[in-house]
Amino acid sequence: MPGPRVTAQVNAVWRRVERWLARRAPVTFKRLRPPARPLDIARSEAAMGLRFPHDLRASLLRHDGGGSWGFGPAPFYELMSAKDIRSEWKMLCGDGNDLLDDWWNGHLIPFAYANDGGNLFVDTRTGKTGEFFNEEGLTLEGDVVWPSYLALLKATARSLETGRPIRGWRPKVVKGELEWESTRG
């Protein structure tokens, strides 16, 4: 189980996100998944031979993913369930692509799908986030890098509440669903 301090921080951020979604984007709010079972997280960790960072584990215990193309960080990500994290990690580690083997290693935990085929991941050695796409490999710099999963979640909540862009993307609601629109002309 994650520590009580991290759990309290993650839950506080999720309450902010949930309040905003319930009021402004109720369709997206209804898609949020229920909490992961601790057993599902433990099975994923055991299969991967890794421990999830405490902030990711606490988040999964609040919502086991964002729901079918529901909530996710900007611009077009969907948070994964504990089972999906394990499946995606296994696929990435066992792809057999020599180029992929040079980029990917077992210390990276994918936690969000991109709707155009990539992943956000957290590096278990540093706690930082990054991005992976087959065509481009790993991105460890720029807009997709955050000091931690929790930092990304906090920035997302702040953007929702204020309407200010998060690294070039502003929240927008269309027919009760959260979308992200580019502010880069």
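Glu-18 lies in helix α1, where helices (H or I, at least four residues) and strands (E, at least two) are DSSP runs numbered from the N terminus. This is a predicted model, in which local features need pLDDT of at least 70 and side-chain atom pairs count only at pLDDT 80 or more, while totals for chains, interfaces and linings use all residues. Residues are numbered from 1 along each chain as its sequence is written, and side-chain values use heavy atoms, with hydrogens and water left out.

- At 15% relative accessibility, Glu-18 counts as buried (buried means under 20% relative accessible area, exposed over 50%, and partly exposed in between, with a 1.4 Å probe and protein chains only).
- Not counting residues up to four places away in sequence, Glu-18 touches Phe-29, Leu-32, Arg-62 and His-63, a contact being heavy atoms within 4.5 Å.
- Helix α1 covers residues 4–24, and its 21 residues should span 30 Å at 1.5 Å a residue, which agrees with end C-alpha atoms that are 30 Å apart; the expected span is 1.5 Å times one less than the number of residues.
- The buried residues of α1 are Val-10, Asn-11, Val-13, Trp-14, Val-17, Glu-18, Trp-20 and Leu-21, and they pack against the helices α2 (26–31), α4 (54–62) and α7 (149–162) as well as the strands β1 (77–79), β6 (169–174) and β7.

**Pockets**

- The largest pocket has a volume of about 250 Å³; on a 1 Å grid over the protein atoms alone, a pocket is an open set of points where a 1.4 Å probe fits, with protein on both sides within 12 Å along at least five of seven lines, and lining residues have an atom within 4 Å of a point.
- Grid points are joined across faces, edges and corners, and a volume is the space filled by probe spheres set on the points.
- The largest pocket is lined by 18 residues, of which Ala-74, Pro-75, Tyr-77, Asp-143 and Val-144 lie nearest its centre, and strand β4 (residues 129–133) supplies the largest share of this lining, three residues.
- By class, the lining of the largest pocket holds twelve nonpolar, one polar and five charged residues, where Ala, Val, Leu, Ile, Met, Phe, Trp, Tyr, Cys and Pro count as nonpolar, Asp, Glu, Lys and Arg as charged, and the others, Gly among them, as polar.
- The second largest pocket has a volume of about 170 Å³, and its lining includes Trp-69, Pro-75, Tyr-77, Asn-115 and Trp-180.
- Strand β7 (residues 177–182) gives the most to the lining of the second largest pocket, with three residues, and this lining has six nonpolar, three polar and one charged residues.

**Backbone features**

- A cis peptide bond, with omega about 0 degrees, joins Ala-74 and Pro-75, and Pro-75 is found in the loop between α4 and β1.
- Arg-167, although not a glycine, has a positive phi of about 50 degrees; Arg-167 lies in the loop between α7 and β6 and counts as partly exposed at 31% relative accessibility.
- Lys-175, also not a glycine, has a positive phi of about 55 degrees; Lys-175 lies in the loop between β6 and β7 and is exposed, with a relative accessible area of 78%.

**Thr-139 in strand β5**

- Thr-139 has its place in strand β5 (residues 137–139) and is partly exposed, with a relative accessible area of 23%.
- Leaving aside neighbours within four places in sequence, Thr-139 is in contact with Phe-121, Gly-130, Glu-131, Val-144 and Val-145.
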